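Dear colleague,

I am handing over the structure we spoke about, and I would be glad if you looked through it before reading my notes.

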Amino acid sequence: MKTQPLAIAAAALLTLVLTIASCSSAKSDWTKAADANTVSAYQNFLAAHPKDEHASEAQAMILKVQDDNSWAEAKFTGTAAAYQSYLQQYPQGTHSGEAQDAVTSIDRAAAWKTAQGEGGTAASVQAFLQKYPTGLEAEQAKAKLKDLTRYRVRLASESSDVKAERELMQLKVRFGDALHDLVVTPDTSGKSFFIDSAGLTEQEAKSACDAIQHKHQACQVVQL
């Protein structure tokens, strides 16, 4: 009669031992997988312990490691195509913002090189800045544009700002189509007020002044 209770107790003890051993094994395997931090290590853990408390974390880590590996590969290649490939695989990935910035940076550098290859004209530089208003190359483009458009067409000079503003309104009516953005510019002494065009290239300023002189309006090309 005592044999049956003993057998039950032994079975319970064995179950407990096996459970403890299993838990210990899962804990050890999880530590090993986390230390290795590779896709295969986490997959091996899931195969051995599909219902363990760390199973969902292992699945999440597989996705993260795959994301990180693809990003490392894209950075190593360093081309716009590589970064775009990463974005196609992981549009919401951990590194998607960095990838998009990298693509923009590469495209901006290529566009600036093209703009300069086109002779670095004011038109090509302005077109570049419209598309890429910020960034290292944008600062270079702004400096280049400022250098290219340092010429003005000067239409008149007045002794006061009131007279200059009055003359400005009249000149805008007459030559606003030929010269956009006419402005009043005081000289350094503040005693004279000029009516000038916006910045132009030297050739643009000369052509505009020639056309205006044909309409019997005095003008001169000045360099600032």
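Does Trp71 count as buried or exposed? At 8% relative accessibility, Trp71 counts as buried, where buried means under 20% relative accessible area, exposed over 50% and partly exposed in between, with a 1.4 Å probe and protein chains only. Please keep in mind that this is a predicted model, in which local features need pLDDT of at least 70 and side-chain atom pairs count only at pLDDT 80 or more, while totals for chains, interfaces and linings use all residues. Residues are numbered from 1 along each chain as its sequence is written, and side-chain values use heavy atoms, with hydrogens and water left out.

The structure holds seven aromatic pairs, a pair being rings of Phe, Tyr and Trp (its six-membered ring) with centres within 6.5 Å, called stacked if the planes are under 30 degrees apart, edge-to-face if over 60 and tilted for the rest. One of them joins Trp71 and Tyr83, whose ring centres are 5.7 Å apart and whose planes stand at 45 degrees, so the pair is tilted. This pair links distant parts of the chain, since Trp71 lies in helix α3 and Tyr83 in helix α4, 12 residues apart (helices are DSSP runs of H or I with at least four residues, strands are runs of E with at least two, and both are numbered from the N terminus). Tyr86 and Tyr90 form another tilted pair, with 5.5 Å from centre to centre and 35 degrees between the planes, and Trp71, Tyr83, Tyr86 and Tyr90 form one aromatic cluster.

In helix α4 (residues 80–89), the buried residues are Ala80, Ala82, Tyr83, Tyr86 and Leu87. Seen down the axis of α4, they fall within an arc of 165 degrees (taken from the directions from the helix axis to the C-beta atoms), so they line one face of the helix. On the other side of α4, Ala81 and Gln88 are exposed.

As for cysteines, the structure holds one disulfide, defined as a pair of cysteine sulfur atoms within 2.5 Å. Cys209 and Cys219 form this link, with their sulfur atoms 2.1 Å apart. Because Cys209 lies in helix α9 and Cys219 in the loop between α9 and β4, the pair ties together parts that are 10 residues apart in sequence. Cys209 counts as buried at 5% relative accessibility, and Cys219 counts as buried at 13%.
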